[in-house]
Amino acid sequence: MSNRLKVLALAGSLAMVAGTAAPAAAQTDLTLWTAEGEAEGAFQFVEDLAAAYMEANPDVSITVVNKQVETLREDFLTSSLAGGAPEMLWTVADHVGPFTASGTIAPLDDLIDIGAYVPAAVDVVTVDGSTWGAPTSFGNHLMLYWNKELVPEGPVNSDEMVAIAQENTDAANNKFGLVFNQTESFWLVPFLGGFGGSVFAEDGVTPTLDTEAMVGALTFMHDLKYANGVMPAEADYNVADGLFTQGDAAMIVNGDWALGTYAETFGENLGIGPIPEIVGGEAPKPYTAGTFLMVSAAAAEDEEKAAVIGDFIQYVTNTENQVAQVDELKRLPANAEAINDPLVTDD
């Protein structure tokens, strides 16, 4: 357990002695499935939080289990039908749809203090007026990274980005000015927003495909490869990431989840900024989401378990632990106070 979390565990114990946190009357056993993996110590961080909470609440036992994102979704739906689902999930916003449709998770409005979180983070998991997840991080957005050894100053608009990319492209020697994952539409969304478009119409359901904005975004992305020649003809996530980390690509559009790895790889030579504004258009608009704690419908029906789960969620997402997450995982916090901490605002 990290020193920071040990201190927080001690603080939790003192608070309990002071009467601000009531321990469970009897042993309460909980299972938490998490999509957080070993990369950047994320799974260890979740385990440490659970250990610190158990140290402060000895009548609670929490078993933390790692599962791949899609495996977690499939296994949770199956186990819920069989009556053996875990009480808690630490997972992605994408799962709100299938879990609410199947009735396998519970709304959290009466279990946690919604006002403690960044409103935009809560909006991600709000469906039909109810909140179905407690945000543990806020972001998951795409941005521009650059290698300062090749690009001393980041571009301020799309024209500058193309010009800098052309200066750093030597396709014959597999050197490119710009790379990103070309196989998933997640990377299209920011550029679509930059041309004034959105994925869905105002009804939030109908895809907007045949629009000037979509034509503009796809033309821009096409030209990066074929007119400007600054990108490889084909590149999935791993290819793009490998080119950048090996120093064969000057810039990459990637998510905040890569920040820890890139910071370790490049150190002071890592440049970070928003995807540059489209000349004649707008600032690109990447999707944002994050990670969330969700509660199984069955666990929510058990008053004793629900009380402990609510307390655990409040503990995990309190200001101190959210700041600790910034320090250890370099993720933006979803706690409204933590996101204004100097550790975030001064970085």
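Start by selecting Gly255 in this predicted model: its relative accessibility is 0%, so Gly255 counts as buried. The residue belongs to strand 9, which covers residues 249-255.

Now go to Glu36, in the loop between strand 1 and helix 2. With a relative accessibility of 7%, against a cut-off of under 20%, Glu36 also counts as buried. Display side chains here. That of Glu36 forms a polar contact of 3.2 Å with the side chain of Trp90, and another polar contact, of 2.6 Å, links it to the side chain of Arg331. Beyond four places in sequence, the contacts of Glu36 include Ala42, Phe43, Val46, Asn66 and Thr291.

Then select Leu32, Ile62 and Ile313. Within the largest nonpolar core, which has 31 residues, these three touch the most other members. Among the elements giving two or more residues to this core are strand 1 (28-34), strand 2 (60-66), strand 11 (289-295) and helix 12 (303-316). Colour helix 2 separately: its eight residues are the most that any element gives to this core.

Stay with Ile313 and list its contacts outside the four places on either side in sequence: Ile112, Tyr117, Ala134, Leu293 and Val295. Apart from this core lies another, of 27 residues; to find it, select Ala165, Phe180, Leu188 and Met231, which are among its members.

Definitions and conventions:
Residues are numbered from 1 along each chain as its sequence is written. This is a predicted model: local features need pLDDT of at least 70, side-chain atom pairs count only at pLDDT 80 or more; totals for chains, interfaces and linings use all residues. Side-chain values use heavy atoms; hydrogens and water are left out. A nonpolar core is a set of buried Ala, Val, Leu, Ile, Met, Phe, Trp, Tyr and Cys residues joined through side-chain atoms within 4.5 Å. Buried means under 20% relative accessible area, exposed over 50%, partly exposed in between (1.4 Å probe, protein chains only). Helices (H or I, at least four residues) and strands (E, at least two) are DSSP runs, numbered from the N terminus. Contact means heavy atoms within 4.5 Å. A polar contact is a pair of N or O atoms within 3.5 Å; within protein, one must be able to donate a hydrogen and the other to accept it, and residues adjacent in sequence count only if both atoms are side-chain atoms.
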